[in-house]
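Welcome to the tour. Please open your viewer, and keep the selection panel at hand as we go from stop to stop.

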Amino acid sequence: MIGAALAVVGRDLRLALRRPGQALQPLAFFAVVTLLFPLGYTPELDKLRQIAPGVLWVAALLAGLLSLESLFREDAQDGTLEQMLLSGQPLAALALAKTAAHWLLTGLPLTLMAPVLGIALGVPGSAMPGILSSLALGTVTLSLVGAVGAALTLGVRRGGVLLGLLTLPLTVPTLVFGARATELAIAGEGLSGALYLLAALAVLAVTLAPLAVAAALRIGSE
Amino acid sequence: MDWTWFHKFGSPPHVYRLAGTLTPWFAWPAGLLIAAALYGGLVLAPPDYQQGDGFRIIYVHAPSAWVSTMVYAVMATSAAIGLIWRMKVAHAVAASCAGIGASFTAASLVTGMLWGEPMWGTWWVWDPRLVAQLVLLFLFVGYVGLRSAIDDLGRADRASAVLAIVGVVNLPIIRYSVEWWNSIHQAPSVMKMDRPSMPIDMLAPLLMMLLGFTLFFAAVLLVRLRAELLRRERAAAWVKEVVS
């Protein structure tokens, strides 16, 4: 089971590395959305610093969401998904592996890029460890919750809009705790409480979401 | 143990007839309770010493909010039953719930806004309960959206059932997270209606209204369930007998 899961992760990473342009798209989207705020709101760093937590988190959320739409689509089209269903391996483990690969390709790069965008929003350097750790934990939950939505909307008309409608309300807790952790980090206060809550959400998502993804994938391929 | 009574719930014509028999037993008490509670709440209950007559909107607002959460619970429970035991009727119940739940949620939001404008001086505040209610509305809308996006009925049933169950796991977390979010933002505490012990002539109509709305939901659910069953089973022989 672990071997099969690792094989899925390796395959998805290899596929992404052969098309590096596609993997960079969410990062570019993250940057564009973030940089629209100084243009649309104000170029003053003091004011931008106040909205930086919300901007960074919402932009990361949307960038991750956009990349989720294609999480299972290609596998469903070329028959890989059916092979996974037939492989005799627990589908939840394979779903977790797919999501882990997605996080490595999207969540992790978004997290690493956030400090750069943070500087553009006037975030002090002392806040960067907090931003990195909160986004690293939060994007895990976002990938998993989004994977449930992606599996449910697989092969559905106007799947992209629906995916957002289904997934975004469920990401409210992550957004609340994540933006709060970032806010505390910028203010230079202790943020371990918010990080614990983010970690709790991530653990809960790792435990339960793969089961829901597997159930949704089975339903979708009946 | 004899499970025949349970298996009978898997039969659409049986449930169709049963729902038809039960509807008046819920509808009449609901109508009488709501009428009595309206009289008690709008006429008999004294005006609030701070809010005047404005507080009376609570007689519609609070029951709507209460029923909206209950509808989601009923929807998720019947969706889970449908998913586990592959029971078509349970899926039909879940499908009938979604529209009712969205309506009650919208009603609680609108009445809350109507109350908020004179009391708080604004139509909308980012109070945790308002936000949680808004998220609940989006969950209902997403459920209806997923259902309508899938053409195959069996697939739509099961996919939306998974969504309803995921939502029911998330709902408490969402409630607590927005509660926490508000407490850190220090919203003006004037907005919180603290809970003074309500005098009995104010409280009694409210409790009657809660029960009345609950029964009203049951009656509407039964009516919608009958329509849903007819629509789903339109090719079946028993529907032709019923309709002709």
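Among contacts in chain B between residues at least 6 apart in sequence, what percentage join residues at least 24 apart? The figure is 80%. Keep in mind as you look around that this is a predicted model.

Stop 1: Select chain B and colour by secondary structure. The C-alpha atoms fill a box of roughly 60 × 40 × 35 Å along the principal axes. Of the 244 residues in chain B, 40% count as buried.

**Stop 2: B:Ser11.** Now zoom in on B:Ser11, in the loop that links α1 (4-8) and α2 (12-44) of chain B. Is B:Ser11 exposed, partly exposed or buried? B:Ser11 is partly exposed, because 14 other C-beta atoms lie within 10 Å, while a buried residue would need 20 or more. Next, draw a distance from the C-alpha atom of B:Ser11 to that of B:Ala35: the two are 24 residues apart along the chain and separated by 35 Å.

**Stop 3: helix α4 of chain B.** Select residues 88-120 of chain B, which make up helix α4. At 1.5 Å a residue, these 33 residues should span 48 Å, and the end C-alpha atoms are 47 Å apart, so the two values agree. Look along the helix for a kink of about 25 degrees, centred on B:Ala98. Then step just past the end of α4(B) to B:Gly121, which takes a positive phi of about 80 degrees.

**Stop 4: where the chains touch.** Show both chains together. How many residues does each chain bring to the contact? Chain B gives 24 residues and chain A gives 22 residues. On the side of chain B that touches chain A, the elements giving two or more residues are α5 (128-149) and α6 (153-185). The largest share of that side, 15 residues, comes from α6(B). Colour the residues on this side of chain B by type and you will see 18 nonpolar, 4 polar and 2 charged.

**Stop 5: helix α3 of chain A.** Finish by selecting residues 45-68 of chain A, the 24 residues of helix α3. From first C-alpha to last, α3 of chain A reaches 32 Å, close to the 34 Å expected at 1.5 Å a residue. Where is the kink in α3(A)? Centre the view on A:Ile51: a kink of about 55 degrees lies there, shortly before the proline A:Pro53.

How values were computed:
Residues numbered from 1 in each chain as written. Chains lettered and ligands numbered in written order. Predicted model: local features only at pLDDT ≥ 70, side-chain atom pairs only at ≥ 80, totals over all residues. Helix = DSSP H or I, 4+ residues; strand = E, 2+ residues; numbered from the N terminus. Buried ≥ 20, exposed ≤ 12 C-beta atoms within 10 Å, placed from the backbone. Contact = placed C-beta atoms within 7 Å. Nonpolar A, V, L, I, M, F, W, Y, C, P; charged D, E, K, R; others polar. Expected span 1.5 Å × (residues − 1). Bend = angle between axes of the 7 residues up to and from the residue.
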